[in-house]
There are 4 protein chains.
Amino acid sequence: MAGNYYGEHFRITTWGESHGKALGVVIDGCPAGLDLKEEDIQAYLDRRKPGASAISTPRKEEDLVEILSGVFEGKTTGTPISLMVRNTSQRSHDYGNLADCYRPGHADYTYDAKYGIRDYRGGGRSSGRETIGRVAAGAVACKILKRLGIEVQAYTRSIGPVSIDGSRFDKDAILSTPTAMPDREADRQALAYLSQARSMQDSVGGAMECVVTGLPAGIGDPVFEKLDANLAKALMSIGAVKAVEIGDGIGASALAGSKDNDPFYMKDGKVMKATNHSGGVLGGISDGSPLVARAYVKPTPSIFRPQKTVDRFGNEVELTIQGRHDPVIVPRAVVVMEAMVAITVLDAMMGNLSSRMDYLIDFYGQHKE
Amino acid sequence: MAGNYYGEHFRITTWGESHGKALGVVIDGCPAGLDLKEEDIQAYLDRRKPGASAISTPRKEEDLVEILSGVFEGKTTGTPISLMVRNTSQRSHDYGNLADCYRPGHADYTYDAKYGIRDYRGGGRSSGRETIGRVAAGAVACKILKRLGIEVQAYTRSIGPVSIDGSRFDKDAILSTPTAMPDREADRQALAYLSQARSMQDSVGGAMECVVTGLPAGIGDPVFEKLDANLAKALMSIGAVKAVEIGDGIGASALAGSKDNDPFYMKDGKVMKATNHSGGVLGGISDGSPLVARAYVKPTPSIFRPQKTVDRFGNEVELTIQGRHDPVIVPRAVVVMEAMVAITVLDAMMGNLSSRMDYLIDFYGQHKE
Amino acid sequence: MAGNYYGEHFRITTWGESHGKALGVVIDGCPAGLDLKEEDIQAYLDRRKPGASAISTPRKEEDLVEILSGVFEGKTTGTPISLMVRNTSQRSHDYGNLADCYRPGHADYTYDAKYGIRDYRGGGRSSGRETIGRVAAGAVACKILKRLGIEVQAYTRSIGPVSIDGSRFDKDAILSTPTAMPDREADRQALAYLSQARSMQDSVGGAMECVVTGLPAGIGDPVFEKLDANLAKALMSIGAVKAVEIGDGIGASALAGSKDNDPFYMKDGKVMKATNHSGGVLGGISDGSPLVARAYVKPTPSIFRPQKTVDRFGNEVELTIQGRHDPVIVPRAVVVMEAMVAITVLDAMMGNLSSRMDYLIDFYGQHKE
Amino acid sequence: MAGNYYGEHFRITTWGESHGKALGVVIDGCPAGLDLKEEDIQAYLDRRKPGASAISTPRKEEDLVEILSGVFEGKTTGTPISLMVRNTSQRSHDYGNLADCYRPGHADYTYDAKYGIRDYRGGGRSSGRETIGRVAAGAVACKILKRLGIEVQAYTRSIGPVSIDGSRFDKDAILSTPTAMPDREADRQALAYLSQARSMQDSVGGAMECVVTGLPAGIGDPVFEKLDANLAKALMSIGAVKAVEIGDGIGASALAGSKDNDPFYMKDGKVMKATNHSGGVLGGISDGSPLVARAYVKPTPSIFRPQKTVDRFGNEVELTIQGRHDPVIVPRAVVVMEAMVAITVLDAMMGNLSSRMDYLIDFYGQHKE
């Protein structure tokens with residue numbers, strides 16, 4: 001099946017392997033008339049770039065984006081926007097037994113089981129570099145949403161046992177700390193924890209959170225295309241994510257109904273909720289409160305300890321992974337989460353315009369040429 | 001947007017409101033040649049029927065299914081299978097202020113925000129009765145999967161603070177206890193807890209789990225159509241579900257990589273995993289181990305205590321919900337989870353047949369007439 | 001594959017066999033707030049009903065439609081609209097060798113080749129009764145389009161060698177002549193021709209045309225989702241249609257560019273075309289002129305002469321078809337064409353609302369709650 | 001709406017403008033294990049390249065294709081295949097009044113009506129260069145089909161009044177004549193006709209035909225996804241195509257049923273048809289005979305005579321188009337037709353593998369690991 005596209009109205013199709021010639025994305029359905037420059041996109045790609053910090057791989061990846069189509073004289077034209085990043089640092093080298101071995105926790109075995117063949121260089125299509133296309137497209141979605149008054153902000157919520165403390169929430173820290181935590185104290189603790197894990201040739205997991213503010217009520221669809229259902233898919237489709245929560249999530253399942261229900265009240269003629277256990281969505285449709293989602297990420301499967309596994313010929317072998325691997329995936333995945341949430345929300349908003357007869361009548365009353 | 005269909009190859013389209021004339025589903029893409037009778041489907045519908053037990057609503061819903069098309073002389077023909085359940089117990093009665101009030105925790109407000117109109121009788125389309133179409137279609141998917149050697153089994157994992165104990169796992173209890181727990185001791189404790197909640201005019205949440213056994217490795221797609229991503233969507237699309245986990249889920253995010261990675265080994269010439277933290281999926285593709293998913297359900301939002309809310313005219317009001325409502329949703333949602341998992345897995349399996357050139361060559365070599 | 005749905009935003013899923021229990025359609029994505037009654041739909045179904053005239057089968061088909069969901073207090077709610085027509089006149093009778101024989105010009109053999117099984121009663125799913133769902137959904141689409149100032153009108157253009165004469169165009173005749181021709185003189189000639197064909201136990205083909213007026217410029221998409229490409233699919237999907245033309249169609253291919261190009265001019269500040277060779281579409285997008293499409297229909301394959309064919313056991317046999325069959329399909333297919341064109345145009349109009357940033361900004365500026 | 005993709009299983013997404021940086025296509029869903037080299041694709045792109053002959057534009061377009069992903073060590077891996085052609089001959093030059101004028105017969109006005117903005121250089125997205133992505137993807141589809149024993153062959157059938165004569169059919173001439181006609185005598189006549197049209201600063205239309213041999217019976221779906229319905233869409237989506245016929249097409253509508261019905265007979269234990277008026281499809285499903293489709297192309301709208309038109313400011317102007325334009329589109333569109341037919345047929349074949357229970361049972365019986 002063709003599984004490399006996402007979104008109905010703002011549809012992205014990503015392509016590319018870790019060590020192939022290039023990676024990229026085609027955005028089909030971007031509204032015409034948006035100001036768009038390569039810098040708008042580069043800023044997001046730079047957030048997923050391995051930094052100078054202790055916790056990310058020192059591999060130098062420039063990841064410069066090129067706009068190949070869909071933009072004319074600085075504006076989108078409504079035609080597909082093709083974005084490409086050339087792979088620069090890949091070079092032919094010896095992959096040793098990685099060509100044949102199935103790394104535990106990786107997709108090597110399952111790709112072989114499905115396709116009978118795989119590009120083993122750097123994980124091929126299952127590499128984290130696959131997210132370059134998502135982030136590039138997410139940058140465009142975020143720009144559109146901002147123009148509509150909607151802000152999408154993701155950050156690291158926990159790394160191993162270290163969680164952020166809401167009372168110390170510092171938005172500026174998200175882009176300036178190595179962990180992407182909005183809490184400088186937690187950042188320090190997490191770095192210490194990561195240093196320890198690294199010294200033990202091990203890796204750790206964590207959680208990230210995304211909040212969408214400014215979203216009007218009424219966005220999303222009932223039944224299968226619920227806004228939260230699509231968010232769950234979008235987030236679980238990010239490699240290494242193993243759980244998704246909306247609003248109170250698992251916590252809601254332990255509450256009594258009298259505590260979980262958010263009372264409505266009126267403020268300035270507008271329907272408001274006194275609490276937000278629901279995380280901004282009721283019955284699959286946005287309720288006007290901030291949308292809140294969390295994604296839980298497993299530890300990096302590439303660890304430097306020797307591991308037992310098998311190869312594709314059916315031999316049991318001991319594998320020692322070499323190279324450079326982040327001990328935690330979360331900080332670089334934060335911008336991927338932001339991208340996927342933005343695309344999901346924008347897609348739902350674009351689909352909403354034809355939900356009522358009066359919308360259609362108003363629109364074609366105005367735009368009848 | 002049209003959001004009432006699910007699945008690409010085995011596609012279901014559900015329709016119907018709680019108190020409308022009928023509810024149903026059209027299954028498009030069911031393979032031809034399957035033996036199918038109404039009893040096959042009725043058995044699943046009966047599992048979501050309110051029982052005689054203390055915890056479910058005494059409302060008598062027969063929910064008899066009728067096969068309207070797609071089956072000829074007891075076999076599916078490859079054409080759409082239309083299944084319908086007439087609503088029998090709905091009657092015109094006074095809905096009091098429910099027609100205008102927004103019940104907290106319900107979709108009343110968001111439907112109005114989106115559509116400007118809603119069928120307020122019994123929750124309309126946002127009622128739990130919406131799942132009748134899902135369950136009817138799920139029965140067909142389960143029957144096909146069984147024929148392929150695959151078993152899908154869901155059950156209640158926890159209700160409020162009461163969780164099942166794996167050491168007491170009793171599969172027979174799933175269909176015979178009021179809670180759908182595979183643990184008779186936990187069932188007793190949960191019933192006591194529910195009785196207490198009911199006496200306080202309150203409601204509770206819980207968790208359900210689904211295990212798929214017999215699934216071969218290689219099912220699912222990388223990137224956006226990952227098997228676990230589609231499971232997350234399928235489960236989060238069930239009303240009241242607020243979190244989804246695959247395998248160790250949130251637990252995985254707290255493990256070290258050396259613990260979370262499942263070592264591969266060989267057994268009888270077959271690749272096996274020594275543990276199953278992954279929950280049966282790696283890189284979005286099944287790995288041959290049992291598929292394990294969990295869904296967390298919020299407490300029933302309909303509680304009998306007076307609640308503060310607003311009406312559609314912008315007045316703040318106090319609402320007292322009457323009628324019959326289960327104090328917990330989980331036991332009746334278990335079969336819905338089973339249905340959604342079965343449809344998702346079958347759909348991925350159907351899409352897998354054209355993933356390799358050698359499959360196509362073999363198939364058309366054999367079936368060239 | 002699941003091939004029984006059509007449309008992206010206004011999506012219809014049809015189901016049912018000629019001699020099954022019922023036939024129907026689910027409309028998913030109908031805007032909320034449309035006044036809708038069963039009579040609105042019945043009026044269209046009655047147009048495909050066999051009439052009292054000499055040319056259509058005397059079989060009594062009531063084809064009464066029932067709205068099962070999606071309408072509340074006379075208005076659509078945005079949830080799926082399920083429409084059903086019970087089969088009343090089917091009865092168990094002897095199908096003779098039709099159960100095993102492959103009728104020439106019919107889909108008997110190809111259904112068996114694909115599915116290995118088929119409902120042979122009255123053609124099963126390949127019967128003309130399959131169009132009941134299309135027509136019922138088309139009635140809803142037409143009602144919406146009328147509300148937007150758009151008229152869709154189909155009629156018979158030719159039957160055998162008899163074509164309508166534009167100078168005698170009489171719109172009222174479409175609904176009142178047995179041939180659905182907008183030309184009473186041509187109707188008379190065509191009836192005479194049909195009578196002759198019938199006396200020779202033979203059947204004839206013909207052509208139908210559909211004109212859409214009031215459609216603004218800018219509707220449709222470039223490349224694969226061109227408005228004319230979707231019309232071509234919609235029309236070719238009607239059983240027995242073998243050719244589709246847009247505007248001058250084949251005639252355009254014989255013209256010089258200097259004759260085929262439609263000059264633009266201004267009228268009352270509006271861009272107009274001096275001619276309409278294009279048939280209202282340029283580059284896949286509506287150009288503000290009337291949309292003009294034609295569909296060519298093969299002769300009814302059920303004829304009463306003995307025919308040579310084979311059965312499913314591989315025997316060569318002589319087949320004599322009995323029963324009641326119209327000697328021409330066109331007059332009853334006209335309303336099917338109208339339905340398919342209406343659904344296609346409405347779907348494109350619904351998709352157009354998010355094509356520009358300024359549309360999104362205006363909409364969410366207005367509808368931000 | 002996102003309208004730049006085509007196909008469900010073998011899905012292509014094309015992008016790029018005539019004078020942008022590059023054009024390309026992403027193929028999502030190509031089966032793994034196909035040998036694929038750039039030369040396989042280049043051979044098809046060279047067929048749409050303007051040749052040295054008198055009838056095509058002398059503009060030098062190298063159109064060299066680059067495989068950016070999805071192929072590893074010479075074989076497809078099942079991941080998306082990204083193909084790109086850099087635009088080399090575009091240069092910044094003066095477009096004169098083309099930036100503001102609406103060329104008659106072109107999509108300039110309709111793009112502006114839809115998007116409010118357009119890339120006017122060389123027609124932007126509505127240029128014939130848009131088909132580069134289609135042809136590149138079609139080359140891959142053709143290679144797969146050949147491996148399955150299926151041949152797709154398109155050719156020019158007529159140019160202006162000059163039609164090929166079946167008795168002179170010469171397959172080798174298709175690739176070696178400037179007109180792509182399989183008839184060297186007709187080629188000569190057509191060239192003379194074109195020379196005359198060119199001398200009158202005018203252009204002409206024509207027709208092309210495609211025949212698919214080796215296709216087994218049973219491919220395609222009933223109702224909306226009929227094989228012929230998808231062919232009609234595929235062909236009508238090619239710029240300048242105004243009509244599509246299947247089999248006898250319009251001719252069928254003038255036949256009596258007794259002539260149009262193709263009798264079945266047996267040959268070597270196989271069901272055969274004595275004639276092929278149906279063009280290889282019955283009820284939307286292939287019948288085992290050659291698939292025959294025709295597409296009719298309007299004359300090139302770019303002609304060198306002065307034409308009346310308007311500009312985007314609402315002024316009536318006289319336009320004289322300059323530059324280099326083929327006087328007929330057909331010969332270069334033949335390979336585009338071949339590509340679209342191949343993709344459509346392959347897509348239907350891939351979808352066919354899950355149509356029966358016995359197919360699923362056989363497959364998973366064999367491939368259960």
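Biologist: How many residues of chain A are in contact with residues of chain D?

Modeller: This is a predicted model, in which local features need pLDDT of at least 70, side-chain atom pairs count only at pLDDT 80 or more, and totals for chains, interfaces and linings use all residues. Residues are numbered from 1 along each chain as its sequence is written, while chains are lettered from A and ligands numbered from 1 in the order in which they are written. Two residues are in contact if their C-beta atoms, placed from the backbone, lie within 7 Å. With 38 residues of chain D as partners, the number in chain A is 38.

Biologist: Which helix gives two or more residues to the side of chain A that touches chain D?

Modeller: Helices (H or I, at least four residues) and strands (E, at least two) are DSSP runs, numbered from the N terminus. Beside strand E2 (11–16) and strand E3 (22–28) of chain A, the helix that contributes in this way is H2 (108–115) of chain A.

Biologist: What rotation superposes chain A on chain D?

Modeller: The copies are superposed by least squares on the C-alpha atoms of residues with pLDDT of at least 70 in both. The shift along the axis is 0.0 Å and the RMSD is 0.0 Å, with a rotation of 180°. The two copies are thus related as by a two-fold rotation axis.

Biologist: What share of the residues of chain A count as buried?

Modeller: A residue is buried if 20 or more other C-beta atoms, placed from the backbone, lie within 10 Å of its own C-beta atom. Of the 369 residues of chain A, the share that counts as buried is 65%.

Terms used. A residue is buried if 20 or more other C-beta atoms lie within 10 Å of its own, exposed if 12 or fewer, and partly exposed in between; C-beta atoms are placed from the backbone.
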